[in-house]
Amino acid sequence: MIAAGCSGNKVKTSSSSTAPATPTSTVTETATPSVTVTATATPTPTVTASASATPKPSASPPATPKPAPKPSASPSVSSLSGSANIFAAASLTGAFNKIKADFIALNPKVNLTMNYNGSGSLVTQIQNGAPADVFASADGDNMNKLSGTGKIDFPQNFADNLLEIVVQQNNPKHIATLADLARPDVSVVLGDPASVPAGKYAKQALAAAGVSVTPKSLELNVTAVTQKIALQEADAGIVYVTDVKASVAAGQFVDGVPIPPAQNIVAVYPIGVLKSSPNQAVAQAFVAYVKSPAGQATLASFGFLPPS
């Protein structure tokens, strides 16, 4: 706010006053607040100056006070508080890390701990008593192992994914189709179909293409498959489209080879809250955010498809 006002133009007196050369004037000071200055020359009139003289108005009128700007309303801070452990398939790592950051920005009193691994490994951990609040699987089978035993109620599909062949950067073995994975000069790494959904889907895709492959190794999560290719420990593998996208974005030395729709497999991702979760409010809010337009936009930016 700008305060408008005029300061008093007080007339100051000194012990001695210099009078004009002509005529000579006598200055008389009194103990009263006013000072009388009397000129001896006639017809010069007597001038009386008051110490509290009224200030002369300024040439321009005082500025009109501007109203103080109203403070902008601060965004409301969520009252949601507590902690939750999020168990999620390894292929969700990039997307869920971003979702976690966005969720906490909206709920600063919440703490989330992320645990990424193959969906089957996560189920085993939960069945053995690991303190999970939310489980996000890369397939329905592993979710059913928990929902079918009453550990999770009402799981919801939140995303889909597709498979892609991952190869070394610049594709030195010139792999173009699933059939090329059966060549004797190509070493292949896959996820373990017994516990890794991507491995199970890869097995189905190879069967649909009529291709028989003997993998060099079977990995316990899909991220390990991509890393083996990036480190040139194998020539090719089958992972999700999102894994190739994330690896390329991270600067890993891999490329992707698309798999035709007729041979591809749609991976369905369900999510649910553990009935044993000690903080149901945080767990339910996280699941709701994953399924919200903001959460879905983040998943799409990482290459995931809308839930079918």
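N171 lies in the loop between β8 and β9, where strands (E, at least two residues) and helices (H or I, at least four) are DSSP runs numbered from the N terminus. The model is predicted, so local features need pLDDT of at least 70 and side-chain atom pairs count only at pLDDT 80 or more, while totals for chains, interfaces and linings use all residues. Residues are numbered from 1 along each chain as its sequence is written, and side-chain values use heavy atoms, with hydrogens and water left out.

- N171 is not a glycine, yet has a positive phi of about 50°.
- With a relative accessible area of 16%, N171 is buried; buried means under 20%, exposed over 50% and partly exposed in between, with a 1.4 Å probe and protein chains only.
- H174 is also placed in the loop between β8 and β9, and has a positive phi of about 55° although it is not a glycine.
- H174 is exposed, at a relative accessible area of 64%.
- Most residues other than glycine have a negative phi.

**Five-stranded sheet**

- Five strands form an open sheet with mixed pairing, in the order β10-β9-β11-β8-β12; two strands pair if DSSP finds at least two bridges between them.
- The edges are β10 (217-219) and β12 (254-258), each with a single partner strand, so one side of each has no neighbour in the sheet.
- From one strand to the next, the twist averages 35°.
- Strand β9 (residues 188-191) and β10 run parallel and are joined by three bridges.
- G191 has E219 in β10 as its bridge partner.
- Strands of a sheet pair through backbone hydrogen bonds, either parallel or antiparallel.

**Helices on the sheet**

- Helix α4 (residues 197-209) lies across β8 (163-168), β9 and β11 (236-240), and runs at about 115° to β11. Axes are lines fitted to C-alpha atoms, for helices over the stretch in contact, and angles run from 0 to 180 degrees between N-to-C directions.
- Helix α6 (residues 241-249) packs on the sheet and touches β8, β11 and β12, where contact means heavy atoms within 4.5 Å. The direction of α6 makes about 105° with that of β11.

**Packing around α8**

- Helix α7 (residues 280-291) packs against helix α8 (residues 293-301) at about 60°, with the axes 4 Å apart.
- That angle makes α7 oblique to α8; angles under 35 degrees count as roughly parallel, over 145 as roughly antiparallel, 65 to 115 as roughly perpendicular and the rest as oblique.
- From α7, Y289, V290 and K291 meet P293, A294, G295, Q296 and L299 in α8.
- The residues of this contact of α7 with α8 comprise five nonpolar, two polar and one charged. Ala, Val, Leu, Ile, Met, Phe, Trp, Tyr, Cys and Pro count as nonpolar, Asp, Glu, Lys and Arg as charged, and the others, Gly among them, as polar.
- Helix α1 (residues 93-106) and α8 have axes that come within 9 Å and cross at roughly 150°, and the two helices are therefore roughly antiparallel.
- A95, F96, K98, I99 and D102 in α1 meet G295, T298 and L299 in α8.
- The contact of α1 with α8 has four nonpolar, two polar and two charged residues.

**Y116**

- Y116 is in strand β5 (residues 110-117) and counts as partly exposed at 21% relative accessibility.
- The C-alpha atoms of Y116 and A88 are separated by 5.1 Å, with the two residues 28 apart along the chain.
- Leaving out residues up to four places away in sequence, Y116 touches A88, A89, A90, L92, T93, F96 and N97.
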